[in-house]
Amino acid sequence: MADNEIATRAPESDAQEKPTKQTAGQTEGAEQSVFPGDTPAQTGPTMGEHCTTDRPTPTGEVPTGELTRLGGVECYITKPSDYPHAPSKLLLLLTGGTGVKSTNNQLQADKYASEGYLVVMPDQFDGEPATSTVSMEEVTEKTSWLDTIKLKAAEGIKAFTIDMWLARHTPVKVLPILHKVVEGAKEEFADAVASGGGVYGVGYCFGAKYILMLAGDLPDTVAWGQAASGDEEQGAVKKAPVLKAGAVAHGTMVSKEDLEAVRSPVYIAAVKDDPLFPEDEVLTPGRRAMETNKIEHEIKVFEGVPHGFAVYGDYEDPKIKHEQSQAFGEMLSWIQGH
């Protein structure tokens, strides 16, 4: 367990504070059709700096997998060095906003491949990762009032850009992409699926929400990316979980309903006092729901690290490096044990 060191706000832990938003055209008291797990009225930050920008890549490391298409979707696929001569298990890896072409994300996939997994990392953003044109890490400390105004304006533009990006990447769009990839992987790598007795999943930041959804028992319409009415939520035939087991780190846009729907064993690495994955509103009620539903789970809260710490990349702080390695080890152990 991480120690009780108080987290400091480093550039990589910055998050955009946002005002409450109301859906265009929404009238007071109007009934809305929403996803179980959607957060239409969420307030506060939605994605952090690390969700949209990469840390420096460790010197000398080069990805070993390849970009190809699976189920019509671009994917980074990386395999154990002894595959197919030795059995492997299929692992679906979902990234944060930096996407499938991020070198760090590819190296992270390679790390799982080196542990015996055939890793499929899809482009869940359909060619539009959330790479920001305004990086707060590149802005040095300003002292004049004019520079301060410019910095605040840049932060506002970046937050607005992220909001617009999130509005284009919702379960309606993302889930059908993921189902295409899973079905394609089951056909292309049937041996790996059989070897593991199913499909495993790991997810970081944005991808964490969808690993939890794929580990869930959802109405069939929702599972395929369609909004569900209240009647469907109560009476619809549920679709079995896609994943045999999952592990996630510092999720964004996760709701308590996502956790309430989980039916497969899950491991969750969270960050203490993380506004992107709030404990009181999401983590605690989600934990209680899984306990009530008798779902095997483990939740680890890391202290003294920024949101995004578990995503592969270089940090100067030895504590963050240590916790990054620990989170990887625990996520790996979880899926290995199931």
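The model is predicted: local features need pLDDT of at least 70 and side-chain atom pairs count only at pLDDT 80 or more, while totals for chains, interfaces and linings use all residues. Residues are numbered from 1 along each chain as its sequence is written, and side-chain values use heavy atoms, with hydrogens and water left out.

**Confidence**

Colour the chain by pLDDT. Its mean is 80, and 71% of the residues reach 70 or more. Next select residues 1-45, where the pLDDT is below 50; this stretch has 92 contacts in the model beyond near neighbours in sequence.

**The sheet**

Display the strands. Helices (H or I, at least four residues) and strands (E, at least two) are DSSP runs, numbered from the N terminus. Two strands pair if DSSP finds at least two bridges between them. Eight strands, in the order E1-E2-E4-E3-E5-E8-E9-E10, form an open sheet of mixed pairing. Strand E1 (66-70) and strand E10 (297-302) are at the edges; each has a single partner strand, so one side of each lacks a neighbour in the sheet. On average, neighbouring strands are turned by 25 degrees against each other, direction ignored. Axes here are lines fitted to C-alpha atoms, for helices over the stretch in contact, and angles run from 0 to 180 degrees between N-to-C directions.

Zoom in on E1 and E2, which pair in the antiparallel sense over 5 bridges. Thr68 stands opposite Cys75 in E2. Their hairpin has 2 residues between the strands, and Gly71 takes a positive phi near 65 degrees in it.

Move on to strand E3 (residues 89-94) and strand E5 (residues 199-204), a parallel pair with 5 bridges. Here Leu92 faces Gly201 in E5.

**Helices on the sheet**

Select helix H10 (residues 279-292), which packs on the sheet and touches strand E9 (266-271) and E10; its direction makes about 160 degrees with that of E10. Then select helix H11 (residues 318-336), which lies across E3, strand E4 (117-122), E5, strand E8 (243-249), E9 and E10, and runs at about 180 degrees to E10.

**A helix pair**

Show helix H4 (residues 171-188) with helix H6 (residues 206-214): their axes come within 11 Å and cross at roughly 65 degrees. H4 is therefore roughly perpendicular to H6, a class that covers 65 to 115 degrees.

**Backbone details**

Finish with two loops. Most residues other than glycine have a negative phi, and most peptide bonds are trans. The peptide bond from Tyr83 to Pro84 is cis, with omega near 10 degrees; Pro84 lies in the loop between strand E2 (73-78) and E3. His250, in the loop between E8 and helix H9 (256-260), has a positive phi near 30 degrees.

How values were computed:
Contact = heavy atoms within 4.5 Å. Parallel < 35°, antiparallel > 145°, perpendicular 65-115°, else oblique. pLDDT = per-residue confidence, 0-100.
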